[in-house]
Amino acid sequence: MSIPKNLICPLCAMPLSQKERSLCCSGEKIHCYDMAASGYVNLLPPGKMNNAKTGDGKEMLRARVNFLSCGYYDIISNTVASLIDENIPKEKITVLDAGCGEGYHLCNIASNLMKSKKVSAIGIDASKHGADMGAKTARFKKLPAFFAAGNIFSMPISEKSCDAVVSMFAPIPAGEAARVLCDDGVLVVVASGVHHLWEMRSVIYDQPRENTKGIKCPEGFVLCSETTVKEKVSLPDNETIMNLFTMTPFYHRCPKDGRERLEKTESLDVTVEAIIHVYKKA
Ligand SMILES: C[S@@+](CC[C@H](N)C(=O)[O-])C[C@H]1O[C@@H](n2cnc3c(N)ncnc32)[C@H](O)[C@@H]1O
């Protein structure tokens, strides 16, 4: 795994470079960050965010990996990769996934883009477990992807050093995306479509509601394109259904009787619908 050249110290913002199994900055007071066995590095700034509970927990991440690795959402990350490829006609590209979770999507995006470009992929998530899982997947699949635990609202990344920042179903760090993107870079935001997981909502809720359509344009950006991807996927067993449920926000706010109904559901055809927004800097 190669270490991206655009990492900066979360404490003093000086460039980070590899010294044996650590990343160290070139500041007056040298700060060093150890690399885990998987290759991920904890670049969360010291403070209340830097603890094992920050970001999504192990149960949610494991459910997500089990579900995503069956390919049910590949239509989304495949389309994100195509849109980046179309918008960034460069031979070498740096892609950053802000709020990458366990890294499945970033690995899929990197492996798609590698067919036509030299890729450096960086995944940042507040969850150390997520970054660790991402690094393990990248190593297993031999992908040029580096993962760090970090705060996407204060990214350990130098200015104007990324060609694409991706935000999939995660908070959108508009200011930081504008800072780290090159002038001709793109911010790709994936949000749920109106009928995303409609059939699951119909099991959980007595009166399911549609998602609201459209998201506000992130400050400092202009919208270039909006692409809807939509398909029905068949979830063949309750384990797969519960994996999907566990990785969604419904898991935290579902009524007890709705959860009981879902636990008794043996198979389900669900709509996957996502809207992929491509923005350029204003
Ligand atoms: C709903 S999950 C989406 C994960 C992944 N993008 C996907 O689509 O599977 C949102 C992710 O954003 C991360 N996150 C939320 N706030 C964050 C922050 N301030 N810094 C870094 N990551 C953050 C969470 O830890 C979580 O993994």
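Biologist: Which side chains meet in a salt bridge at 3.1 Å, N to O?
Modeller: Those of Asp132 and Lys136. Bear in mind that this is a predicted model.

Biologist: Why would two side chains like that pair at all?
Modeller: Side chains with opposite charges can pair when their charged atoms come close.

Biologist: And how far apart are Asp132 and Lys136 in helix 4?
Modeller: Helix 4 covers residues 128-140, and the two are four residues apart in it, so about one helical turn separates them.

Biologist: How many salt bridges does the count come to?
Modeller: The count comes to 13.

Biologist: Switching to the ligand. Where does it sit?
Modeller: In the largest pocket.

Biologist: Which residues come nearest to the ligand?
Modeller: There are 18 residues around the ligand, and the nearest are Gly99, Asp125, Ala126, Ile152 and Met168.

Biologist: What is the shell around the ligand made of, by residue type?
Modeller: Nine of the shell residues are nonpolar, six are polar and three are charged.

Biologist: What lies 2.8 Å from a nitrogen atom of the ligand?
Modeller: At Gly99, a backbone N or O atom lies 2.8 Å from a ligand nitrogen. At Met168, a polar backbone atom is 2.8 Å from a nitrogen atom of the ligand.

Biologist: Which polar side-chain atom lies 3.0 Å from a ligand nitrogen?
Modeller: One belonging to Asn151.

Biologist: How much of the ligand does the protein bury?
Modeller: The ligand taken alone exposes 590 Å², and 85% of that is buried by the protein.

Terms used
Residues numbered from 1 in each chain as written. Predicted model: local features only at pLDDT ≥ 70, side-chain atom pairs only at ≥ 80, totals over all residues. Heavy atoms only, no water. Near = heavy atom within 4 Å. Polar contact = N/O pair within 3.5 Å; in protein donor to acceptor, adjacent residues only side chain to side chain. Areas by Shrake-Rupley, 256 points an atom, 1.4 Å probe, with all protein chains shown as cover. 1 Å grid on protein atoms, 1.4 Å probe; cavity = no way out; pocket = protein on both sides within 12 Å on 5 of 7 lines; lining within 4 Å. Sits in = over half its atoms within 2 Å of the grid points. Nonpolar A, V, L, I, M, F, W, Y, C, P; charged D, E, K, R; others polar. Salt bridge = Lys/Arg side-chain N within 4 Å of Asp/Glu carboxyl O.
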